[in-house]
Amino acid sequence: MRLVHLASIAALALTFNLPAGATPACADGMLQLNEILAGPARDWDGSGAFSSRDDEWVEVINSGTSSLVLDGFLISDADSIPRYALTGTLAPGGVLLVTGKMSYDWEKLKSLPAFGLSLGNTGDSVILWKVTGPDTVVVDAYTFRSFESAADRSIGRAIDTHEWQLFDSLNPYTGTLTPAGNRCAPSPGAVNICGTTAALPSTWGALKERYR
C-alpha cells in the first residue's frame, strides 16, 4: 500500500511518485478499475466528433455489495497527477465511465493544467486513489503496454474471473503476448460481458460426418 500525505485540497495538483514496478493492493475492496481504452480511433464519448484526447476513457466498478460514495476517489495516469475526482454514489455492481473530455473539463474547472486523462499509447499506468484524512491511498492500478493501447482496443476485467483481458474485436490482436485478445468489443459504461463463444475450426466434410 502506498500512502501520500496531503496538506490540503490544493495539494491534489502535486505529483505522487510510485515505486518502479509497484503493484498496490486494493485498499478499499469495493471500487476497482474495470476497463481502460487509451488509443481511441473513433467518437467514444458521443460528442459527434473524434478527439484523441477527449475519447480516451477509464471505467470503474463497484465490486462490493452496497452502494459506495465516490467522493475522495481520484484517477491519474503514471505521473500520478490527479486527472479526475469522482463524485456521487455508485450502486453495487454499477460502473462509471470517465472520458478524456470529462477529465479535461474537471482540470479546467480546478484551474489545473488541462490535458485530459493523458494516457500514453506506448504504455502507461492508470491509478485509482482515495483521499483518507491526511493520506492519499492507492486503491487499484493497472499498467498497460503498447499492444494493449492500440487503436480501439481496451483492457478490462473479465466479469467471471476478474482477470484482465484484451477486448479487441475492433482491432484484432494477432501477437503472442498476454493478455490475449478475446475478440469482444470494448464496452464503455457497461459491464464487461463477452458474448462470443470460442469454437474449434472444422471442415465441411467433418461436419457432415459428425451429423449425418
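Biologist: In this predicted model, which residue in E6 does leucine 74 stand opposite?

Modeller: Strand E5 covers residues 73-77, and E5 pairs with E6 in the antiparallel sense over three bridges. Within E6, the residue that stands opposite leucine 74 is alanine 85.

Biologist: Which residue takes a positive phi in the hairpin of E5 and E6?

Modeller: The hairpin of E5 and E6 has four residues between the strands. In this hairpin the phi near 65° belongs to serine 80.

Biologist: Is arginine 83, which forms a salt bridge with aspartate 79, buried or exposed?

Modeller: The closest N and O atoms of aspartate 79 and arginine 83 are 2.6 Å apart, and aspartate 79, at 28% relative accessibility, counts as partly exposed. Arginine 83 has a relative accessible area of 5%, and because buried means under 20%, arginine 83 counts as buried.

Biologist: How many residues apart in sequence are the parts that glutamate 107 and arginine 83 tie together?

Modeller: Glutamate 107 also forms a salt bridge with arginine 83, with 3.4 Å between the closest N and O atoms. Glutamate 107 lies in helix H1, residues 100-109, whereas arginine 83 lies in strand E6, residues 82-85, so the pair ties together parts whose separation in sequence is 24 residues.

Biologist: How many residues apart are aspartate 152 and arginine 42?

Modeller: Aspartate 152 and arginine 42 form a salt bridge, in which the closest N and O atoms are 2.7 Å apart. Aspartate 152 is buried, with a relative accessible area of 4%, while arginine 42, with 39%, is partly exposed. The loop between strands E10 and E11 holds aspartate 152 and the loop between strands E2 and E3 holds arginine 42, so that the pair links distant parts of the chain, with a separation of 110 residues.

Biologist: How many salt bridges does a search of the whole structure find?

Modeller: Side chains of opposite charge can pair when their charged atoms come close. The pair of aspartate 152 and arginine 42 is a salt bridge, and a search of the whole structure finds a total of nine.

Biologist: Which residues touch the most other members of the largest nonpolar core?

Modeller: In soluble globular proteins, nonpolar side chains tend to be buried together. The largest nonpolar core has 29 residues, and the elements that give two or more residues to this core are E2, E3, E5, E6, E9 and E10. Isoleucine 75, leaving aside its neighbours within four places in sequence, is in contact with residues including Val58, Val60, Tyr84 and Val126. The members that touch the most others are Leu31, Ile36, Ile75, Leu86 and Leu128.

Definitions and conventions. Residues are numbered from 1 along each chain as its sequence is written. This is a predicted model: local features need pLDDT of at least 70, side-chain atom pairs count only at pLDDT 80 or more; totals for chains, interfaces and linings use all residues. Side-chain values use heavy atoms; hydrogens and water are left out. A salt bridge is a side-chain nitrogen of Lys or Arg within 4 Å of a carboxyl oxygen of Asp or Glu. Buried means under 20% relative accessible area, exposed over 50%, partly exposed in between (1.4 Å probe, protein chains only). Two strands pair if DSSP finds at least two bridges between them. A nonpolar core is a set of buried Ala, Val, Leu, Ile, Met, Phe, Trp, Tyr and Cys residues joined through side-chain atoms within 4.5 Å. Contact means heavy atoms within 4.5 Å.
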